[in-house]
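Me: I've got a chain on my screen and I'd like to talk it through. Can you take my questions one by one?

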Amino acid sequence: MMTHKVYSYSSLARPLDPKFRTNLAVIILAPLGGIAVAIYLYLTNIMGIGDTVLLAIEAMFVAFLAWALGRELDPDINQSAFVAMALALVAVALGYNTSILNIAAVLFAVRIVNRTVGNPLKLVDLIMMGLFAAGLAILGAPWWTCFLIAAALTIDTVFDQTQGNNLMAAGVAFIAGLYAMAMNGAPHPENAVLIERGWLVAATVVGGLFLLMIFTTPEPHSCCDVRLEEKLQKRRIQAGMALALAGAIASLFGGPPQLFATLPVWAALAGVIEGRAMPKRKI
């Protein structure tokens, strides 16, 4: 049983314990990857040192969040998360304007449903998710990020009907989503037509294969953080995967800018596909 003090206050926070090799690896690789991407872009573009430093920090966070989302989507296969991290770094290195807010929203939504920590959401979690959704809308994040949080809170209540308080936070997130639609733009199917055919084909392939991954998800062997004898639930993992896929698909209705902003999420989906295809091995 893990007894980190943060679990007394939150069921969403997952501190990185460097005693585990995968955690130690990401602690090392995410900053190194961010620095490598920033140096590459500095050497190949006209960029000041200040912009380079900011880009390194952004790339580091994008890499870490992609890794964390990969771990949530495929908790039994470590390499899925590292493939996701690598692909996310490639997206940043190629100059795509990725969004930390988009992948953070997907990560929290999936973690709410997965209940990876093991405990039901605490009052602090509900307050933070309501504030987070409001912040997403105010900061200009797309409408679907807020609705994804609302959906996750509702699904968690369906799975555990003792969590009725979730619905109050879900209501706040839903209202934030409506505000985001009014202020930042509602979904328009014609925006997807503006996306180049190659990207649409890639999204269709990744989305279709990931949907197959959802239906073929085996019973998980990984356990929750606070009770190592309690395994994660298959239906929760599948629901979390479905939410991630829904967020990725929703990004298409924002046209090329939103697709590119959500590339780290697509990277996590691709990481799961690639990880499932690889032989399982320890990292």
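This is a predicted model: local features need pLDDT of at least 70, side-chain atom pairs count only at pLDDT 80 or more; totals for chains, interfaces and linings use all residues.

Me: How many helices and how many strands does the chain have?
Reply: Helices (H or I, at least four residues) and strands (E, at least two) are DSSP runs, numbered from the N terminus. Along the sequence the pattern reads α-α-α-α-α-α-α-α-α-α-α-α. So the count, with those DSSP runs, is 12 helices and zero strands.

Me: Why does the radius of gyration agree with a compact globule?
Reply: The radius is taken over C-alpha atoms, and the globule rule is 2.2 Å times the number of residues to the power 0.38. For 283 residues that rule gives a value near 19 Å, so the chain agrees, at 18 Å. The C-alpha trace spans, along its principal axes, about 55 × 45 × 35 Å.

Me: What percentage of the residues count as buried?
Reply: Buried means under 20% relative accessible area, exposed over 50%, and partly exposed in between (1.4 Å probe, protein chains only). Of the 283 residues, the buried share is 49%.

Me: Is D74 buried or exposed, and which residues is it in contact with?
Reply: D74 sits in the loop between α2 (49-73) and α3 (78-93). Its relative accessibility is 4%, so D74 counts as buried. Contact means heavy atoms within 4.5 Å. Leaving aside neighbours within four places in sequence, D74 is in contact with S80, V272 and R276.

Me: What does the end-to-end distance of helix α10 come to, and what covers its buried residues?
Reply: The expected span of a helix is 1.5 Å times one less than its number of residues. For the 18 residues of α10 (residues 234-251) that is 26 Å, and the end C-alpha atoms are 26 Å apart, so the two agree. Its buried residues include R236, I237, M241 and L245. The cover includes α2, α4 (100-114), α6 (143-159), α9 (197-215), α11 (255-261) and α12 (263-277).

Me: What is the phi of R115 near?
Reply: Most residues other than glycine have a negative phi. R115 is in the loop between α4 and α5 (123-138), and it counts as buried at 15% relative accessibility. Its phi is positive, near 50°.

Me: Which residues does L153 touch?
Reply: L153 is found in helix α6, and its relative accessibility is 0%, so L153 counts as buried. Not counting residues up to four places away in sequence, L153 touches I112, L121, L126, N166, A169 and A170.

Me: How far apart are the C-alpha atoms of A86 and W143?
Reply: A86 is found in helix α3 and is partly exposed, with a relative accessible area of 42%. A86 and W143 are 57 residues apart along the chain, and their C-alpha atoms are separated by 27 Å.

Key:
Residues are numbered from 1 along each chain as its sequence is written. Side-chain values use heavy atoms; hydrogens and water are left out.
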